[in-house]
Amino acid sequence: MVEDLTGLGFSMTQKLPGEAQLQLTLSESAEDYVWVAEIRHGEAREVVIVSAVRDLVEKAGARKASLTLQRKLVWEQDERILDFALVPDGNAAGASILVVLQPDKIAFYDHRAEAWHLNREIAIPHARPVQRNVGGRIDPQAGTATLVDGVCAGDFQRPETVTCKSVPSAPGADLAMMQGSIVESDAALASTCSGSPLMLSTGSGDWTVRDFIQAYEDKNQREPIAQPIQFPGPILALWPAEDGKTARLVSRNLQTGAYEASIVSVSCGD
Amino acid sequence: MTFRSKLFVNFMLALLLSVGLVTAGVTVVTRHAFDEINREHTDALVSQFQKEFDRRGHDVLNRVQGIADAEPTVRMAIDLSRPNADISVYVNDARGVAQSHQLDFLDFVGTDGSIISSAEWSARFGYKMEWVTQKEDWATRGSFLMKLDTQEGPALALMAVATVRVGDKDLYVVGGERLGKEFLASLVLPSNMRALLYLNLVPKFEPANLIDSAGPVNEAERFEPVIERERTQPVVQTAKIDWTFDAASAEIFHVIPQLGRQNELLGVLLIGDSQRSVVTLERHILWLAVGVAAIGILFGLMLSWWVAARVTRPVQKLAAGAREVSEGNWNTRVVVRGRDEVGQLAQSFNQMTQQLVDQRERLIQAERVAAWREVARRLAHELKNPLFPLQTTVENLQRASSQNPEQFEEVFRESTGILLSEIENLKAIVGRFSDFAKMPQPELGPVDLNTIVRNVEKLFEAQFSAVGRPPITPELHLAEGLPTIQADATLLRRAVENLILNAMDAMPAGGVLMLRTTNGDGDVHLEVSDTGTGLTPEETERIFTPYYTTKQHGTGLGLAIVQAIVADHGGRISVESETGVGTAFHVELPTRPPHHQAAPVVIEEENEEA
Amino acid sequence: MEIGAIIHSLDPAVAAANPEEAGAKGELDALLYDRRSENGDFVGTAGSGPFRLSAWESGKSAVFAANEDYREGRPFVDSIEIQMGRSAHDRVLDLELNKADFAQIPAELARQAADRGVRVSASRPNELLALVFLTGRGTTENVRVREAIARSINRAAIVNFILQKEGEPAGGLLPQWSSGTAFLFSTEADARGAKEIWAQVSPSPKLVLGYDSADTLEQSVAERIVVDAKEAGISLVSRAISASEKANAHGGSEGPTPHSEAIHADARLVRLRMPSPLPSVSLAAFIDRLGPLAGINGSPLPKSASPEDVYDSERSIINGGSVVPLVWLPQVYGLSARVRDWKQPAAGEGWPLADVWLDSTTDVH
């Protein structure tokens, strides 16, 4: 706009005392574009409004098909959660196993009597002391859980087959895995509503503030297409789930201090 | 008042005095002891109360510190220590925490003094509580009193501050309990004590600010002087308030100023100690003492009466005996057992009466002898007169017979005439003596003296104005309602006649004869007075002696007869006379029968001891 | 399939006496009636809309059954079971426990509900909470008194703390998205200015600010305004207006227009919900509502009034000082995980419960 105004012969200057000042605001109402000029000269103030009718069809009625994000809390614990996954139970048809990756171990939980119960815990040996900001990720299909300097592998549907060992860390892996350096984390999901993929993205805060998840049609869109989901603390990890329709999310509750593992899903409509 | 009554009164006075002294002494000592005990008790309770108050302060401090040490608070502090921390999340936290910790006030205050969350006044978020951030080590401050601004106005609270430090940021936990009626109600006090609290929140004394566990105190204006004194000079003092005129309504208040952090007077605690139980107990003791004293006095009364009776009974007997003696019953004996002074007195009394009786007997004997001598003398004198002519006449006869036989017959006739005349004279003399000796014993019966006097006066009326003699004027002054006396009417009449005859004889030149009767104390008086020649003192002494007479004729027995009659009636006769003026005879006759028995009167002790 | 809805206070008598809550009844009526007329009255008979009333227990519960013959098509849900009289906290709890599919949530609880995992849908701010100086009160007809109180109010604190950032400070009668000129009305607090103005008021009156006894948000806001006023030296106390007092003010059967004389306060908080996204329509409705309360006599605005006219009318009312806008509130709804195709209703629109469906495959452990 500055370029356009300059092109029209206007020049930018600093505010000088005694002169009238014009503040121009481009706004819009429910129906119109509204341009507002505030003219201040000393204590006097004058407002001039010019409006232009906008296409009402744009605003009233037709709305973009919007989505609704939903969060389902799966697990929470006081110890740090790097990643988690829900896999079918290989020993019990129809049941699921919850796999929780922590910096020093990987744990497998069975679902019985409407609660998760620890089935098996395997310590993860580390070649060096555990980093403060260590990261990790589970790949349920591959049957691996990878840390900077450790890995667990096996059939996660049968926890008894999983083993863990330490591995030398790859250069740069720290940087990729360090949560603190990631400005935003996002996950691409396939939308069941519009057919086009959508991007889930977290806020831009750090460890210390509350975070949120927002959905965009693509990463460059500024306009969110759903109401954000607020979280009571920072989001530490966000991965798309294997089905592509949901995302795994690890956050920390600043009030309780607990680590929370959630599944975020998308539904059509608000 | 009788001796018994006097003794009894003296006993009672002594008893009352001693009981009264003892009772007063007991009361004073008891009161003093009660005061002392009460004072110690109250001091202990005040001290206990002060400790309770302090304990509450510690309790508040502990609770506030507990909140500060709790994990949610620490997390809050950590969260708020971060840059751009969102404090709005915690705006409602204080209320729940305050409720769970039973605090009336709880504020979470940030490092810059801004209120993050306020339990009591939640709308105050964001405003500053600058006093919290003043450089003060809250860890050592402990609990303190504070005046707070609340939605309902200023209030007094027992507060404490705890600090949660994260880095260079502080989170202040400011909590406390309201000092109000609920606080007072929660204090444990004995039943006779109560706690009042004056909330010094406004510049002027406000009666509604004086509260107890139920709310504003009635008649709070009574405390204004005490409170004003505290406001001028906060010191621990005591004050007494008498709610009514009854001393039991009094209440002693221990006044304890409650100061704030800057030693400003924020409240005045008054611990009231009702005097009712003490006063009631004192009264009970007093009434008990009075009751015991009354019982003691009653017992003493009865004992005193019995003792007095025992002590005075012999004296009474002695008195009765003396009365008997005074009434003429000299032969009175008083029987008193005991060898004490009273017994000795009784013995002496008995000896005295015995002596009196003996003396009277001797006197009577002597009088009898004297009387016989007098009678013999009189007889000799009377008889001598007629005997001499008799002798002379007989000698004349003898002479005549021997010397003049021719004149013997004439001399015989003359001499026999003289002999017969003198023999008649002798017979008359003997007859008078016989009359005097044959005076009968009186036969008593009810007699009206006035009637006798009137009748006798009538009898002599003709003689008072007889021809040939100067008149005698009778004057009757007879008392109305004169009681009847026990007497022999005939003898009494004779006595009156003799007295009138005597008076007539004393007024040869005429005069006034006065007859007066009066009522005496247990007797009646008869006065017969004349205006005759009067008597000399010597004559007065002998007037009642038989055969004594001042007249040229007469036997001299008239007044002796009167005296004998009066004496036989147990009365008394006396005479007053002045020569040239007249003479008055006074006769006193008892109204009750005279004692004629010579048997002794024995006054025994009543209710002889076994 | 059923959808349970939790709505507070649907007793007709209560709704009649509480025009702010009449909106709730209007919401349900909108499900029963086919359409509204221009003046907002429902057209047709009850049951001509997407739902029929199949059960009603006054003050307790109601059941709306799908109208098979609705001209725009049968609703997806078979019935709506409505529970009445649940408190806001209980409604949030029901949503948390999946005992309800839909509930209206007060704006100030939206953040807390979301923190607890409740699916929350918030509209654009379309309800104004304003402080109205009641007409006929000599104490508050002093312009300085109004100005002092208005300047002392800290709207940002109300939005950030009381509303937990669910809302916007309001300087004008219409939100920015509707009028486009809301930014021209200042929302800044000026405690110092308020103190200076109040110092010129003599004698200083003691004022009463009334709020709805059943509205916790109004109570919190009123208490905050009292605190702000106190900081400026203004003697202001808050007082709950009971339902009976409000009923008397509304004259019973004389309709929703309140008579301010029956309210024993100098000013009161008022909620004004926009009946339409169109600024002129909403402003006209506000003037109708505020007129008897604040003694405002505004000339009626046409529906097609220009933004300039709307602004002028709005500015005129604000400059009069009898209405002090405080905050804009969104309409917040809590939804269960199985509710699908929820569309946030626009201002003046009813709940789109006829358009939603329930996904029975969504299961929550």
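**Backbone entries**

I placed C:P203 in the loop between α8 (191-199) and β11 (207-212) of chain C, where helices (H or I, at least four residues) and strands (E, at least two) are DSSP runs numbered from the N terminus. This is a predicted model, in which local features need pLDDT of at least 70 and side-chain atom pairs count only at pLDDT 80 or more, while totals for chains, interfaces and linings use all residues. Residues are numbered from 1 along each chain as its sequence is written, chains are lettered from A and ligands numbered from 1 in the order in which they are written, and side-chain values use heavy atoms, with hydrogens and water left out.

I found a cis peptide bond joining C:S202 and C:P203, with omega at about -5°. I also noted C:Q164, in the loop between α6 and β10 (168-169) of chain C, which has a positive phi of about 55° although it is not a glycine.

**Helix pair**

I then looked up α6 (residues 155-162) and α9 (residues 216-231) of chain C, which pack at an angle of about 140° with their axes 11 Å apart; axes are lines fitted to C-alpha atoms, for helices over the stretch in contact, and angles run from 0 to 180 degrees between N-to-C directions.

**Chain contact**
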